[in-house]
Amino acid sequence: MIKPFSLELYADNDNAKELVIKWLESKGCTAWVNPDQYGIDLLFKNPDGEYYSCEVDVKHNWKGAKFPFKTMHIPARKLKFATDNSIFVILNSERSHLIMLHGEDLRKAPIVRKDTIYTEGEYFIEIEISNE
């Protein structure tokens, strides 16, 4: 079962896109919100002029600087955005720290099935995270 779209959760997390745009711009990129509301969240051009895309997520159970788990789970429905030129940026609850994952790494990761507070048996991409 896939988590149904929630306008309330979307609105609560939407400001994370602007934070990631600022972060990308601090790295010399030009970034903007994707005009396709059904597409990946952000588009950006790196300092070398190459175009990329970025999916943004907030992990509300991650508090503080250190990611507290050995694995991160990204909904498998987001695999459609995992390309060689995509990144996934995951922010902590306070939006003070992030983890960046490359789309190609998500494509190589195993898929697991788990229950969440919203769904039963949803499929997720499981990424091992080094906490060092």
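Predicted model: local features only at pLDDT ≥ 70, side-chain atom pairs only at ≥ 80, totals over all residues.
The largest of them has 16 residues, and within it the residues with the most contacts are Met72, Ile74, Phe88, Leu101 and Leu106. If you look for where these come from, the elements that contribute two or more residues to this core are β4 (71–75), β5 (86–92), β6 (98–102) and β8 (122–128). There is also a second, separate core, made of 14 residues, and Ala16, Ile21, Val56 and Val89 are among them. As a general background, nonpolar side chains in soluble globular proteins tend to be buried together.

Let me stay with Leu101 for a moment: which residues does Leu101 touch, leaving aside those up to four places away in sequence? On that count, Leu101 touches Met72, Ile74, Ser86, Ile87, Phe88, Ile90, Leu106, Ile127 and Ile129.

As for its partners, β2 pairs in the antiparallel sense with strand β1, residues 30–33, over four bridges, and here Thr30 has Lys45 as its bridge partner. β2 also pairs in the antiparallel sense with strand β3, residues 51–59, over four bridges, and there Leu42 stands opposite Cys54. Finally, β2 and β3 form a hairpin with five residues between them, and in the turn Gly49 has a positive phi of about 85°.

Technical notes: Residues numbered from 1 in each chain as written. Heavy atoms only, no water. Pairing = 2+ DSSP bridges. Core = buried A, V, L, I, M, F, W, Y, C linked by side-chain atoms within 4.5 Å. Buried < 20%, exposed > 50% of the residue type's maximum accessible area, 1.4 Å probe, protein only. Contact = heavy atoms within 4.5 Å.
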